[in-house]
Amino acid sequence: MAKRTNQPTTGAEPAGRDLSSENPQELQQYYAQMLLLRRFEERTSEMYTKAKIGGYCHLNLGEEATIVGLMAALTPADYIFTNYREHGYIIARGVAPGPVMAELFGKETGVSRGRGGSMHLFDATAHFMGGYAIVGGQLPLATGAAYALKYQGKPGVVVCQMGDATTNIGAWHESLNLAALWDLPVIFLVVNNGYGMGTTVDEGAAEPDLYKRGCAFRMHGERVDGTDVLAMRDATRRLRERAEQEKKPAILEAVSFRFRGHSVIDSDRYRDPEAVKQGRNANDPLPHFAHQLVLAGVVDDAWLKATASRIDQEVQEAIDFAEHSPNPKIEDLFDYMYATPVPNTPGRAEAAIIAQNAQGGR
Amino acid sequence: MAIMTYRQALNDTLGEELARDSNVVLMGEEIGKFQGSYRITEGLQSEFGKHRVVDTPIAEEGFVGLAVGAAMLGMRPIVEIMTINFILVAIDQIVNHASKIHYMFGGQVRVPLVIRTPSGGVGQLAATHSQSFENWFAYCPGLKVVAPATPYDVKGLMRSAVRDDDPVIFIESLALYDTKGEVPRDEDYTLPIGVAEVKRAGTDVTVVSYSRMTVVALQVAQNLAQEGISVEVVDLRSLRPLDRTTIIESVKKTNRAVVLEEDWYSYGIGAEIAATIQEGAFDYLDAPVLRVAGVEVPLPYAAKLSQASKPGAPDLIRAIKRVLEGGKQWPK
């Protein structure tokens, strides 16, 4: 099949960018947060190979600017729903890296008390409403959260993050139709990293300009360079304002480059290694941004070094916290089964028997 | 006491709950302007407004998931699925999402949601419009599934379902909507989810059933009483959680059991009941547990074929007589 379009390019922002209208402290924070996500994911990958982390594990490497730019534009009233590639989102939303790493380790101190794992992170206080691991599953949920905000007359908007390939599934169409039909304050954030597992955008989408796919619902859409933290922040701010004030949903397509395979166990054999290397170099948001900050006099080499060292320490502390946290108890197996207790459901007594019978439990 | 239909009991209770709690909304296809395909929501949109009784497009996955998300933010949606056959396109949102969100996220968020839908067949609705899928949902931990047989139980269980903080699948029956029963006037009673009821006491055989098949079982029990056969009818009322104790205690008393169910024979609710009985009352059984269930075909349209494929009173009577004979050969 002929390609309808080339994958849109990212990065390559001219180095000498005018940052005079920006708050230098905020710029430093953006960089530090991006670096935190980078180091967190690199160490996560390492912990996975050491078998500290189980199951499936998807990394945000290469998407740091998308995530930090998004979060910089949101308010505490806003809600966020994501897919299963979400470690960076919950951290950038303000949840401490320790409980996030503890969740990956399956510990009781994890953000989902060790019941969710990498793909199912959650923090009610931060309005981080979950990572969801069935492609498209979070779309109707996020649309419903936006419905509730509007019904209850509350401020804020909902951001619904997803990967590029999610725009091919039925839930996408039903959710966008409902959101547009009922004027709901929701932003559908499509993180286009070029691939749905091993399938390129072109191979899966009849309209590979994904931000245009809202036209069937008369929904506004735009594309932004997802490796440019400021462009991402500004685009989110615009669409957020529109969603909150005018109750108009929108699509925001953020283009970035997936650094590694789909998940940590994917050896990425379907991509040309040389092209991947080039893609990483061309689209890595961190050196680009650091270079801009140095040129603008916002940071210097000493600051960059000190920040890197501080963040290495912070991630190490997160790993130590996870390592030294307790496992969930088998005696608590049925906790959280039901919010409203009813007769004839298993509880503490049944869990105690299972704990007794579990070989090498705890 | 007032006499009212199953439909009226539903309509009354939905109206009462809308009036009681502003976070309760009804959602579904054709429930407002059209008044409901089976008129369960008749008059409610004109009474409560379009923002409380919401007509949705035909998009079950979309609006069921939307209701789950709204519930996560504190609303209490009651969703109508026109018939249970259409619930299959929404099953991802129910099984992969609604049922897991409270547990999987460590108890941080609740999903107070009711999905109400009629199950089973009536008339000649044929293969795609006559199915019973309640066992699909009863299989799934994290859901609660109720299936009332009478207007009294409808009111008590619907109130409990709406006020419960977990997702509840509320199974109705097309064939029951016009049936009548006694309901107390002006009394805000509830019935506990997860508790069965012995609807008729007896000594010779236990019939375990739910929803419309409970009504059939009660009629059969009444008729067989004239022949001197004493049938105890256990109405499950709730399929998850399942009240195993009430079933087992009844069989310990009668020593014989038949399950009457409208779903297909293999892997149906009856299989679970039979397993429960042999685990809990094996030494008390004087005969194998029999299942009277639907014939395993895509339900044919032709009236004769359709009738022959559905379980009914004559099938139940035959099964009861077989378990009472005992000691005979037991071909299926």
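**Where the parts meet**

Between chain A and chain B there are 0 salt bridges (a salt bridge being a side-chain nitrogen of Lys or Arg within 4 Å of a carboxyl oxygen of Asp or Glu). This is a predicted model, in which local features need pLDDT of at least 70 and side-chain atom pairs count only at pLDDT 80 or more, while totals for chains, interfaces and linings use all residues. Residues are numbered from 1 along each chain as its sequence is written, chains are lettered from A in the order in which they are written, and side-chain values use heavy atoms, leaving out hydrogens and water.

Let's stay with the two chains. Their contact (heavy atoms within 4.5 Å) takes 49 residues from chain A and 54 residues from chain B. Together they bury about 3,900 Å², 66% of it on carbon and sulfur atoms; buried area is the accessible area (1.4 Å probe) that two parts lose on being put together, summed over both. On the chain A side, A:Y151, A:Y338 and A:N344 lose the most area to chain B, together 16% of what that side buries.

Now look inside chain B, which is divided into domain 1 (2–183) and domain 2 (197–325), with bounds from an automatic or database domain assignment. The centres of these two domains, taken over C-alpha atoms, are 26 Å apart. Here 31 residues of domain 1 are in contact with 27 residues of domain 2, and the area buried between them is about 2,100 Å². How many salt bridges are there between domain 1 and domain 2 of chain B? The count is 2.
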